[in-house]
Amino acid sequence: MLSAECSDASSHTSSMMVDSTLTQVGKNLNEAMRILGDGQGELESGTRRQHFGSTGIPGPLQGDGQDVSTLLHLVHNLINDEDEDGEKPTLQLQNVGEQGHMALLGHSLAAYISVLDRERLRKLTTRILSDTTMWLCRLFRYENGSACFHDDDRDGLVKVCRLVINARYQEYASEGYAVLSSKQPIIYQSAACRPGLAQHLCTQLGLPLSSLCTVPCNTVFGSQHQMDVALLEKLIKEDKEAGKLPLLLIANAGTPGAGHTDKLGRLRDLCDQYSLWLHVEGVNLATLALGEVTSAIMAATRSDSMTLTPGQWLGLPAVTAVTLYRHEDPALSLAAGLTPSQPVEKLRALPLWLSLQYLGHSGVVQKFRHATSLSQQLLQKLKSVTSIKTSVEDELKSPVVLFKFSQEMSAASHEGSVEGFCAGEKEVLDAFNRWLGEQLAQLVPTSGVDVVELEEEGTCVRFSPLVTAAVLGTQQEDVEDLVVKLMEVVPVMNSTLCLIQDFREQTHRHSPSLRYIEEHSWPGLGAVRYEPQADGMDEIRRKQELEKINTELLKKLQELDTDIIFSSGSEFGTEDDCIFVGMVTEDVDVCELVDTIAALGRDIVESGRLLENMTEVVRKGILEAELQLQKANEEKLIEEGMLRQLPLVGSVLNWFSPVQSSIKGRTFNLAAGSLDSTEVTYSTKAQAGKQSLQDAPTSSSKRLPGQRLFQRSGPGSDSISETSSIGQADDTAMERSVPERSSVQPPISPTALETPSDTASDVTTEKIQGSCEQVPSQVEAEEATKERQPEGQEVKQSSR
C-alpha cells in the first residue's frame, strides 16, 4: 500500500515537473517571438548596444556566459543589422498566424521530447507519426498510404526512386550498382517539370544523365504545358526494345510555371501497362482537400506516390514536406529511407501534428478555399482590363492565374498600329511584361505576384495564392488593389509602345550626333547615345569623351522637372555610355524630348570645347600680360624718375607737383584672347567687344500654365524647358535690371578683364590667373582703378 502511494506520488511529481517544463518552453517561445517579431527589442543603453554590435570578425566566447534575454536581443540585432553599404535591410517577414506559432512551438517541443527515455520516446513518436499520416491521407484522399517527412521537397522523390530500384532489381541489395549495367534504368519527366529536379535525382542516385528521358509537351492539341502521352508511349517502347528498363514517371498536378495538370488518368493507365511507378507533384494537389475536385486532379489519388508541401500552403514556418506512397514491403521502404529508423527522426512530424490539430479539418479546407477564391476573383477582374491577356487551364477551377500585356489587344485600343515597331517584337513585349510584374509586386507586395518565363507564352505575370496567400496574408482587398494598380500602369505601357517608332525616327533626325541604340530588353521608350564628332582622336580618348559627355547628359536629364525616368540601364544591355528613356504617357511630345536631349548634349560638348579654348587663351594672355606689365613698369620708371619711386620723397613730390601719366590701361578680352586698350571703356563708360558664345540665346518652347516638361499643349502652369541656354524673354528681363543695379555682376558673363597700366606695380601674375576664374564687371574694375590712383591723378583720370 505504501509502495503504491509512493509510486503515485512519484508519478504526480514527475507529471508536475513535465508540465512546468512544457510551460517554461512555451514562455520562452513567447518571449522570443515578442523580441524578434514585434520589433520592440531595442536596447536600452548605449553600452549594451555596443556590446551587441556585429562585425565581420568573430569575437571570443565570453567566459561568464549570457542569459536568455540577452541572447534574444543579440539575435534581434543580428537580424536587423546594417548591410555592408550601411543601409538597413528591407525585411518582409512571413505572416505568422496562430497556426504558425503552433509550428514554432512544435520545433521547440521536438527538441525537448528528444531527451525523454527511449521507451517513452518510441511510443510518443510512433503516435505522432501515425496520427499525422492518417490525417494527411484522409485530407488529400490518399487511401492506405504511408508518409515520409523530409526537409528538402526533392528528397521524397529520391527515396521513392531508391525504393523502385530495390523492388525492380532483385540483386541490388547485395551487388549494388553493378546490376544496373545489365538493364539501364530510365526515369521519365515532363519538359515542364521544375528545373534541376532530374539532375538532382541523378546526383543522389549515382545514375548517368542518360538515364533521364525528358518528354516534350503537347504542341498541336491540348495544353502547351501537358506531357505528350502518345510520344511518351513511343519513347517507352523504344527503350524497352533497346534493352533498357522503364522505371519511374514524374507527372505534374500544377506545373511550376503555368500551373497546368498532366493527363493523369491516361498516364496512370500507361504506367500500369508498362509497369512504371507514377509519382505526382504540384501545387494543385492542395485542391484535393476541397469538397469539389476536378477529375484531372482526382486522378492523382491513383498515383503510387505524391509529394505535398503543406507548410507552404498553410503558412507554417519551417514545416517539412511530405511524400505519401503505397508499398507493401516495409523492409524495402526501410532500406530506401522512407521509413525512419530512429525515433528522433519521427519528430519531424511534430510541428505539422500540432498545426493540423490547431486548424482542424475545416480550418485547412477553409484556407485552401480562400486561396482558390482569390484566383477566381482576379480572373474575373482581368476580363474587364483592356490590353491584358489571361492564360489559365480551367477558368472555373484553376488556382493559378497567368496574365500578360498583349500587343495585339493594345493595338486595337489606340490610333494607328504598332505592327513593325521594332525588329524584336517578342523581346520588347517580354521586357514590358517583366517590368509590369516587378511594378505590381512592388506596388502591392501582399498580392504575391511574380514573373515567370515560359517557352510559348514568353514572359508572364503569375498569381498563385495557394503558394503565397497563407504566407503573405493575401485578402480580397489586395486583389482589388492589384487590379487598380494594373489599370493605372497599362495605359502607360500602351502609350510607350505606340511612341517607340516615333522616338526612333526623331532620334535618326539628329544623326550622327544622336544615335538610337537597339536594346529590346529595356522596358521603356528606348535608348540613345550622344556621339560628337571626334576627328583625329584615338579610340581610348574617344571612349573617355563618350563616357564623360553621356554621364553629364544623363545627370542633366535627371534634374529636369518631368515624370520620365532616365537611367544608365547598365543591368539591361550590353551597350555602354547610353541613356535609357523609361515609360511615357500619351501626352508626351517625343519631338521636343529628343530635341532637348540633342540640345543638352550639344551644350555639353560646346562647353567642353569652350573650356579647352579658354584655357589656351588664358595661358597665352597671361604670358602677354606679363610682358606688358614689365614694359609698363619700365616706362613708368623712365617717365616719373627715380625720386618719385622713393616711398617718402615720392609722396611729397606727387603732393606738390602731380604727374600726369601717359601710359594707357589694358583690358584682357577672354573671347578674343587679346590685350586691348581701355581708352574706349573710359571714354564711353561701357564695355565694348563681341558677344561671347555663351551669350547667344537659344529659343525655348512656350508653355501654358501648369504644363509639365515634354507635354503637348494643354491647360497647365507656366514652365520653361530646362536647357543650358537662356531664353530671349529672360535675356530681356535681365538686361532691364542692369541699369538699376550697376554695382552687381550682370547676368551675362563679361568678356573683358581690365589691367590698368598705372597700377602695374601692384598687379601680379597670380591676380590675372585668378581673374580668369571669377571675372569682375567693368564698373567694378573701373572703381578699383580709381581707388588705386595717387592723389592728384584721380581728377585727371576722370576727365578722360
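Predicted model: local features only at pLDDT ≥ 70, side-chain atom pairs only at ≥ 80, totals over all residues.
Numbering starts from 1 along each chain as its sequence is written, and side-chain values use heavy atoms, with hydrogens and water left out.

**The chain overall**

The protein chain has 26 helices and 18 strands; these are DSSP runs numbered from the N terminus, with helices being H or I of at least four residues and strands E of at least two. Of its 800 residues, 44% are buried. Here buried means under 20% relative accessible area, exposed over 50%, and partly exposed in between, with a 1.4 Å probe and protein chains only. If you take contacts (heavy atoms within 4.5 Å) between residues at least 6 apart in sequence, 70% of them join residues at least 24 apart.

**The cores**

A nonpolar core is a set of buried Ala, Val, Leu, Ile, Met, Phe, Trp, Tyr and Cys residues joined through side-chain atoms within 4.5 Å. The largest one has 67 residues, and those with the most contacts inside it are F140, Y188, L232, L249, L285, L324 and F368. Helix 14 (residues 350–382) gives the largest share of this core, ten residues. Apart from that core lies another, of 59 residues, with F432, V444, F566 and V605 among them.

Y188 is a handy place to start looking. Leaving out residues up to four places away in sequence, Y188 touches C213, V215, L232, L235, I236, D239, P246, L248, L249, I250 and L276.

**Helix 14 and its partners**

Helix 14 packs against helix 5 (residues 118–139) and helix 17 (residues 465–472). The axes are lines fitted to C-alpha atoms, for helices over the stretch in contact, and angles run from 0 to 180 degrees between N-to-C directions.

| Pair | Axes | Angle |
|---|---|---|
| Helix 5 and helix 14 | within 10 Å | roughly 30° |
| Helix 14 and helix 17 | 9 Å apart | about 115° |

Helix 5 and helix 14 are therefore roughly parallel, whereas helix 14 is roughly perpendicular to helix 17. The cut-offs are under 35 degrees for roughly parallel, over 145 for roughly antiparallel and 65 to 115 for roughly perpendicular, with the rest oblique. Helix 5 and helix 14 make a left-handed crossing; the crossing of helix 14 and helix 17 is right-handed. Left-handed means that the near helix is turned anticlockwise from the far one by less than a right angle, and right-handed that it is turned clockwise.

On the helix 5 side, the contact is made by I128, D131, T132, W135, L136 and L139, and helix 14 brings L350, L352, W353, L356, Q357, H361, V364 and V365. At the other packing, F368, A371, L374 and S375 of helix 14 meet P465, L466 and A469 of helix 17.

**Two loop residues**

R154 sits in the loop between strand 1 (146–150) and helix 6 (155–168). Is R154 buried or partly exposed? R154 is partly exposed, at a relative accessible area of 26%. Beyond its neighbours up to four places away in sequence, R154 touches R194, G196, L197 and H200. The C-alpha atoms of R154 and H200 are separated by 8.1 Å, with the two residues 46 apart along the chain.

S211 is in the loop between helix 8 (197–205) and strand 3 (212–215). S211 is buried, with a relative accessible area of 1%. Neighbours within four places in sequence aside, S211 is in contact with Q184, P185, I186 and I187.
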